[in-house]
Amino acid sequence: MSISALGQTQELQGEITSSADSSPIEGTHIVNTTANRMAISDENGSFYLIAKEGDTLVVSNVNYNTKQFIVKNSKFLTISLNPASIQLEEVRVSNLPETEADFRNRIVKMGVQADNSFEIAGMPPAKSKGKIPKNYDPDYTNSVGYAINKPISFIVKKISKAHKNKLKYYQTVANKESTISNSKKYNPEIVSELTGLKGDELTDFIQYLDLDPAFVKRSSEYDIAVRILKEFDYYKTDSQKG
């Protein structure tokens, strides 16, 4: 990496603080995109970076809004970052159906649902799908944007055995949690709750249903419930014909 000979280069010193309480922010990436240089703030929020007047700096931290600006004639910078806002999901509360028939009718009439969650009365909600932490997710750490904004971290993650071992661990945990989530989205208890079937009739219908595991994995609890009810109607019709 090299600095252009045009203009006078200097070691720029600075500190990163939070606009909320003026506390120092550790682990912030300060990238000189003009000269292809980068620094990371320490536990005191301090950093040192080679730069010259007119260079463009991009300051980013996962918990704060990214800031970009041009270096002026100054050897010390105090950079204040605004905390990133967190959008909470909408919580919906509705009354429970009084009868089993009412429950099934509501499912059929629900139409398009705003989210993928679906809970059966008396049944524990399914676990969320296993996730790999963003800092270890290959889709994020191998992206062009990550390589540009965090070049040193990008290189370290490519060659670090410790990072690769942690990634394998997180992938194993995520796969295990996904398996648990899938078994909670579709199991005999849920089918029985939706159809009212028990014993051998329940077993026969599950064999008739024969849901593809790939469908269960990619579908929400709501989509699976609708599929079960539709197949149950076909099952009853076929049983009457038989």
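This is a predicted model: local features need pLDDT of at least 70, side-chain atom pairs count only at pLDDT 80 or more; totals for chains, interfaces and linings use all residues.
Let's start with T28, which is buried, with a relative accessible area of 0%. Buried here means under 20% relative accessible area, exposed means over 50%, and partly exposed is in between, with a 1.4 Å probe and protein chains only. Residues are numbered from 1 along each chain as its sequence is written, and side-chain values use heavy atoms, leaving out hydrogens and water.

So where does T28 sit? You'll find T28 in the loop between β1 (9-18) and β2 (29-32). A quick word on those names: helices (H or I, at least four residues) and strands (E, at least two) are DSSP runs, numbered from the N terminus. The T28 side chain makes a polar contact with the side chain of N61, at 3.1 Å. A polar contact is a pair of N or O atoms within 3.5 Å; within protein, one must be able to donate a hydrogen and the other to accept it, and residues adjacent in sequence count only if both atoms are side-chain atoms.

The loop between β1 and β2 also holds S22. S22 is exposed, at 56% relative accessible area. Its phi is near 65 degrees, a positive value in a residue other than glycine. D210 has a positive phi too, about 45 degrees, and is not a glycine. Look for D210 in the loop between α7 (199-209) and α8 (213-218), where D210 counts as exposed at 60% relative accessibility.

Now please turn to N187, in the loop between α5 and α6 (188-195). Is N187 buried or exposed? N187 is buried, with a relative accessible area of 15%. A polar atom of the N187 side chain lies 3.0 Å from the backbone nitrogen of I190.

On to salt bridges. How many does a search of the whole structure find? The search finds three, a salt bridge being a side-chain nitrogen of Lys or Arg within 4 Å of a carboxyl oxygen of Asp or Glu. One of them joins the side chains of K52 and D55, at 3.0 Å from N to O. K52 is buried at 11%, and D55 is buried at 1%.

Another salt bridge links R227 with E231, whose closest N and O atoms are 3.4 Å apart. Because they are four residues apart in helix α9 (residues 221-241), R227 and E231 are separated by about one helical turn. R227 is partly exposed at 30%, whereas E231 is buried at 17%. Helix α9 also contains D233 and K236, three residues apart, about one turn of the helix. Their side chains meet in a salt bridge at 3.8 Å, N to O. D233 counts as partly exposed at 42%, and K236 likewise counts as partly exposed, at 38%.

Last stop: the surface. K158, K161, K164 and K168 form a positive surface patch. Patches are made of residues with over 30% relative accessible area and no salt bridge, with like charges joined within 9 Å and nonpolar side chains (Val, Leu, Ile, Met, Phe, Trp, Tyr) within 5 Å. Which helix gives the largest share of the positive patch? That is helix α5 (residues 161-185), with three residues. K158 is found in helix α4 (residues 151-159) and counts as partly exposed at 42% relative accessibility.

Notes
Accessible areas come from the Shrake-Rupley method with a 1.4 Å probe; for residues, only the protein chains shown count as cover. Lys and Arg count as positive and Asp and Glu as negative; His and the chain ends are not counted. The place of a charge is taken as NZ of Lys, CZ of Arg, CG of Asp or CD of Glu.
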